[in-house]
Amino acid sequence: MNRRTHPRLQRRHLLAVMGLAALGRAGVANAEPAPLLRPWPRNRAAPPLVLPALEGRPWNLASAKGQVVMLNFWAGWCEPCRAEMPSLELLAERHSADGLLVMAVNYREGEATIQRFLERTPITLPILRDADGSAARDWGVRVFPTTVLVGRDGLPAFSVIGELDWTGLQARQWLAPLLARVART
């Protein structure tokens, strides 16, 4: 019998094709998007950044000149943000002696929401509150997480858009030049 005319063979063929298509879609859906490195535009100055810390004291980026500062914009509802937090914390611990300061900038969540997040994901990174989202807007953040790296000279160097293992090879390659540079006076 011809496969095209026999209903049982036609159905098996159709099921096999559908199964392969579903496997292909599942592989694409489960693939992690690679983080994007975006250089800071040369003609764009660093926006001023003064935000309250979770404890209430204001923090000013200008006071961190001489250090490499990572501004990690995140939100508790963002799964990739939550997933990368432990590696950010480990990075901060490993490189604090090198002058690295990692600041977790929470996007538009209240203190109670942030405290619930900290109960589930205990971290010791300093948390800044961007209550109205203006800091994220000023710094060009449209995707979470986004991490902006600011050199020792106080000038933004680049942004990393998307989740990254901050203890991995890619992160070390991106950070090494910033940590090696000495601030110009």
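**Basis of the description**

A residue is called buried when its relative accessible area is under 20%, exposed when that area is over 50%, and partly exposed in between, computed with a 1.4 Å probe on protein chains only. The structure is a predicted model, in which local features need pLDDT of at least 70 and side-chain atom pairs count only at pLDDT 80 or more, while totals for chains, interfaces and linings use all residues. Residues are numbered from 1 along each chain as its sequence is written, and side-chain values use heavy atoms, with hydrogens and water left out.

Helices (H or I, at least four residues) and strands (E, at least two) are DSSP runs numbered from the N terminus. Strand E7, residues 146-150, is mostly covered, with five of its five residues buried. Thr-146, Val-148 and Val-150 point to one side of E7, whereas Thr-147 and Leu-149 point the other way, and all are buried.

Strands are taken as paired if DSSP finds at least two bridges between them. E7 pairs with strand E4 (residues 68-74) in the antiparallel sense over five bridges, and Val-148 of E7 stands opposite Leu-71. E7 is also joined to E8 by five bridges, again in an antiparallel arrangement; here the bridge partner of Val-148 is Ser-159. The hairpin of E7 and E8 has five residues between the strands, and in it Gly-154 adopts a positive phi near 85°.

**Pockets**

A pocket is an open set of points on a 1 Å grid over the protein atoms alone, with protein on both sides within 12 Å along at least five of seven lines; its lining residues have an atom within 4 Å of a point. The volume is the space filled by probe spheres set on the points. The largest pocket has a volume of about 500 Å³. It is lined by 20 residues, of which Asp-153, Leu-155, Pro-156, Ala-157 and Arg-181 are the closest to its centre. Strand E8 (156-161) and helix H5 (169-180) are the elements that give two or more residues to this lining. By class, the lining comprises 13 nonpolar residues, one polar and six charged, where Ala, Val, Leu, Ile, Met, Phe, Trp, Tyr, Cys and Pro count as nonpolar, Asp, Glu, Lys and Arg as charged, and the others, Gly among them, as polar.

The second largest pocket holds about 190 Å³ of space. Among its 13 lining residues, Arg-38, Trp-139, Gly-140, Ser-159 and Ile-161 are the closest to the centre. Strand E1 (36-39) and E8 each supply at least two residues of this lining, which divides into seven nonpolar, three polar and three charged residues.

**Salt bridges**

Two salt bridges are found in the whole structure, the criterion being a side-chain nitrogen of Lys or Arg within 4 Å of a carboxyl oxygen of Asp or Glu. One joins Arg-57 to Glu-55, with the closest N and O atoms 3.9 Å apart; Arg-57 and Glu-55 are both exposed.

The other joins Arg-82 to Glu-79, with the closest N and O atoms 2.3 Å apart. Arg-82 and Glu-79 are separated by about one helical turn, because they lie three residues apart in helix H2 (residues 79-95). Arg-82 is partly exposed at 26% relative accessible area, and Glu-79 is partly exposed at 44%.

**The two sides of helix H3**

Ile-114, Phe-117 and Leu-118 are buried in helix H3 (residues 111-120). They lie on the same side of H3 because they cover an arc of only 100° around the axis, the arc being that of the directions from the helix axis to the C-beta atoms. Glu-119 and Arg-120, on the other side of H3, are exposed.

Notes
1 Å grid on protein atoms, 1.4 Å probe; cavity = no way out; pocket = protein on both sides within 12 Å on 5 of 7 lines; lining within 4 Å.
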